[in-house]
Amino acid sequence: VSPQTCVKQKAGAAAGCLGCSGRCSGFQPHPWSKACVACGCSGVDHAPGGDAEDDQRMGRLLTGSPCSHLTTKVKGGGGLRLYKRNRMIVTNPVVSRKDPTFNTTTYDWAPAGLNQTLAMRYMQLLPESQRPVSGTDGALQRRRKLLVQLPVYDQDPMKCQSLASQEEISSMLLFVKRYKEEVLGVGEVALPGEGGALREAAAQRAAKEPQESPDGSSAGSSTNGTHEESAKAEYHCSGCQGQLSKESPAVYAERAGYHSALWHPGCFVCSACGQGLVDLVYFWANQKLFCGRHYCESVWPRCCGCDELIVGQSFHTGKDGRRWHKEHGCCWRCGQSL
């Protein structure tokens, strides 16, 4: 996909498909399969929506979690919260004999709480194709990851078409509430050895808005060891086990504890799919990092037809292990049962 194609994906527009070389003029949603009726490609390939919709969706996800400080209330929104997405604009002078000009680069997202120098070091540690520079493939891939890793129907029962009873809706609501309180987190970027400061900041946030875990302890108070950490001679990545430079930014995960767990930026990935975690949103379970999609699939099976979680007990399992809601084990074009 060219940078020009990325720029054309405007909010509210009927997005042409990025997966079939322009043969599809706009997304026409299937009644239940999350695919385009016109071309058969996934809705993700059409990159529908825009920044405002993304920030609303992320705001809903982070509300009710220890990361709610990354959201802000919408005035008159009835409790609606928006994601305070950190954007970064870098301006560099262009040296020439004529009047000075400036080259401006806009990042659609950057880690929160960093000065620009450290934020740029973080970006340089990512593969160039994954840097979310506005108007490039990297920015487009960030949006695609938002839709794939954090599907709205994994967090909002109102967006699910397959929930068949009030019991299933209640089960889904409880599941979402629990993962927000116990599993969901957003990685923080800092230099190796600065975990103590991050832990202290988390403790202060928890004191203002207590987030109780099942054992009664507050989120952000999971690890003690500031003195031990500051005295360490070297640090190792929890992903590749390689050494971390004390001058290079690393990613911390509060759920994993600030003392011993930190990652190279390029190693902060889902343990199931190996993809970098979009905007550093992670799910921590069984001492592993997951994206939202694969964490949810570790708890509930996912329908290969509609892509939603199968909350009820009635589903069909194929010989290859894939699963469908019983009503979705059919041809997505004609509806004939297979």
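Student: On what conventions do the values rest, and which pLDDT is needed for local features?
Tutor: Residues are numbered from 1 along each chain as its sequence is written, and side-chain values use heavy atoms, with hydrogens and water left out. Because this is a predicted model, totals for chains, interfaces and linings use all residues, side-chain atom pairs count only at pLDDT 80 or more, and local features need a pLDDT of at least 70.

Student: How many aromatic pairs does a search of the whole structure find?
Tutor: Rings of Phe, Tyr and Trp (its six-membered ring) pair if their centres lie within 6.5 Å; planes under 30 degrees apart count as stacked, over 60 as edge-to-face and the rest as tilted. The search finds 11.

Student: How are the planes of Trp109 and Tyr122 arranged?
Tutor: The ring centres of Trp109 and Tyr122 are 6.2 Å apart. Their planes stand at 75 degrees, so the pair is edge-to-face.

Student: Where in the chain does Tyr122 of this pair lie?
Tutor: Helices (H or I, at least four residues) and strands (E, at least two) are DSSP runs, numbered from the N terminus. Trp109 belongs to the loop between strand S4 (101–107) and helix H3 (116–124), 13 residues from its partner. Tyr122 lies in helix H3.

Student: Is Tyr122 buried or exposed?
Tutor: Buried means under 20% relative accessible area, exposed over 50%, and partly exposed in between (1.4 Å probe, protein chains only). Trp109 has 7% and is buried. At 3%, Tyr122 is buried.

Student: What kind of aromatic pair do Phe283 and Tyr295 form?
Tutor: Phe283 is in strand S11 (residues 281–285) and Tyr295 in helix H8 (residues 292–299), 12 residues apart. The rings are 5.5 Å centre to centre, with 20 degrees between the planes. The pair is stacked.

Student: Which residues form one aromatic cluster with Phe283?
Tutor: Phe283 is buried at a relative accessible area of 1%, and Tyr295 counts as buried at 11%. Contact means heavy atoms within 4.5 Å; beyond neighbours within four places in sequence, the contacts of Phe283 include Tyr179, Leu184 and Tyr295. Besides Phe283, the cluster holds Phe175, Tyr179, Tyr295 and Trp300.

Student: Which residue lies over the face of Tyr153?
Tutor: A charge sits over a ring if NZ of Lys or CZ of Arg is within 6 Å of the ring centre and within 35 degrees of the ring normal. The distance from the ring centre of Tyr153 is 4.7 Å, and the residue is Lys34.

Student: Which residue of S10 stands opposite Tyr252?
Tutor: Another open sheet has the order S6-S9-S10 with antiparallel pairing. Two bridges join strand S9 (residues 250–252) to S10. Opposite Tyr252 stands Leu262.

Definitions and conventions
Two strands pair if DSSP finds at least two bridges between them.
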